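I opened the notebook to record what I looked up in this structure.

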Amino acid sequence: GEPIPTGVFTPYGNALVMMSKLKDERVAARSDTLVAGKGVYSIASKDDTGAAVMVWNYQSTGNQAHAVTVDMKNLPETLRGVKVRQRTFRIDATTSNYWADPEHANLQQVAETLVKPGEQHSLSVELTANALWLVLLEPAE
C-alpha cells in the first residue's frame, strides 16, 4: 500500500497522543473485568490542571465488548463543586483509525460537556474490542 502521510497517525500513534494527555501524577486505578489477561485496563492521573482516566479493552483477536462505568473518586479539590469541562477521546475500529478513515485518522474528541462533580464522578462508556477511551476533567474557563 501507499505510505501513511506525514502528520497522520495510525491507532498506535493516536494511543501515544492519548497517553500524552494524561496528567502528571499517576493515581490508583483498578479494573474488575480482567480474565486471563483480557478485558478492561485503566490508568488514572491528576495534577493542578485536572484529572484524566484512560481505559481500554484488550481482546487481541477476540471481539468481547464491555459496558464500563468509570468511577472517579477522591477528585482534586479544584474539580469539586464547580463547572468542569469533560472531554472524551476514542480510538476504535472506526474512530481515530487511519485504516478505517484516512480523512479523520488523528485522535478524535467524541464528546465535550460541562459537569459539576463532587468528591467523585462517574460516566459510562461502551468499549468495543481493543477500543481505547480517554476522559479528561479540567476546570471550565
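**Loops with positive phi**

I began with serine 96, which sits in the loop between strand 5 and strand 6. The model is predicted, and I keep that in mind throughout. I checked the backbone of serine 96 and found a positive phi of about 55°, although the residue is not a glycine. Is serine 96 buried or exposed? Its relative accessibility is 0%, so serine 96 counts as buried.

I then looked up asparagine 74. This residue is in the loop between strand 4 (66-72) and strand 5. Asparagine 74 also is not a glycine, and its phi is positive at about 55°. Its relative accessibility is 54%. The cut-off for exposed is over 50%, so asparagine 74 counts as exposed.

In what order do the strands of the open sheet run? I read the order as 1-2-3-8-5-6, six strands with antiparallel pairing. Strand 1 (25-27) and strand 6 (108-115) are at the edges. Each of these two has a single partner strand, so one side of each lacks a neighbour in the sheet. I noted the twist as well: it averages 20° from one strand to the next. As a reminder to myself, strands of a sheet pair through backbone hydrogen bonds, either parallel or antiparallel.

I took a closer look at one pairing. Strand 2 (residues 39-47) pairs with strand 3 (residues 50-58) in the antiparallel sense. How many bridges join them? I find nine bridges. Within this pairing, glycine 39 stands opposite tyrosine 58 of strand 3.

**Tryptophan 56**

I stayed on strand 3 to look up tryptophan 56, which is found there. Its relative accessibility is 22%, so tryptophan 56 counts as partly exposed. Which residues does tryptophan 56 contact, leaving aside neighbours within four places in sequence? I listed Gly39, Val40, Tyr41, Ser42, Ile43, Leu127, Ala131 and Leu132. I also looked up a C-alpha separation for this residue. The C-alpha atoms of tryptophan 56 and isoleucine 91 are separated by 9.2 Å, with the two residues 35 residues apart along the chain.

I moved to helix 1 (residues 11-20). Helix 1 lies across strand 3, strand 5 (84-91) and strand 8 (132-139). I read its angle to strand 5 as about 160°.

Then I checked for nonpolar surface. Tyr12, Leu16 and Met19 make a nonpolar surface patch of about 330 Å². I followed up one of these residues, methionine 19, and placed it in helix 1. Methionine 19 has 38% relative accessibility and therefore counts as partly exposed.

**Salt bridges**

I searched the whole structure for salt bridges. How many salt bridges does the search find? It finds six.

Glutamate 112 forms a salt bridge with arginine 85, and their closest N and O atoms are 3.7 Å apart. This pair links distant parts of the chain, with glutamate 112 in strand 6 and arginine 85 in strand 5, 27 residues apart. Glutamate 112 has 46% relative accessibility and counts as partly exposed. Arginine 85 has 29% and also counts as partly exposed.

Arginine 87 forms a salt bridge with glutamate 138. I noted 3.2 Å between the closest N and O atoms. This pair, too, links distant parts of the chain: arginine 87 is in strand 5 and glutamate 138 in strand 8, 51 residues apart. Are these two buried or exposed? Buried means under 20% relative accessible area. Arginine 87 is at 14%, so I log arginine 87 as buried. Glutamate 138 is at 14% and is buried as well.

Aspartate 92 forms a salt bridge with arginine 90, the closest N and O atoms being 2.9 Å apart. Aspartate 92 is buried at 14% relative accessible area, whereas arginine 90 counts as partly exposed at 22%.

Last, I asked which residues are linked in a network of salt bridges. They are Lys23, Arg85, Arg87, Glu112 and Glu138.

Key
Residues numbered from 1 in each chain as written. Predicted model: local features only at pLDDT ≥ 70, side-chain atom pairs only at ≥ 80, totals over all residues. Heavy atoms only, no water. Pairing = 2+ DSSP bridges. Helix = DSSP H or I, 4+ residues; strand = E, 2+ residues; numbered from the N terminus. Axes fitted to C-alpha atoms, helices over the stretch in contact; angles between N-to-C directions. Contact = heavy atoms within 4.5 Å. Buried < 20%, exposed > 50% of the residue type's maximum accessible area, 1.4 Å probe, protein only. Patch = residues over 30% accessible without salt bridge, like charges linked within 9 Å, V, L, I, M, F, W, Y side chains within 5 Å. Areas by Shrake-Rupley, 256 points an atom, 1.4 Å probe, with all protein chains shown as cover. Salt bridge = Lys/Arg side-chain N within 4 Å of Asp/Glu carboxyl O.
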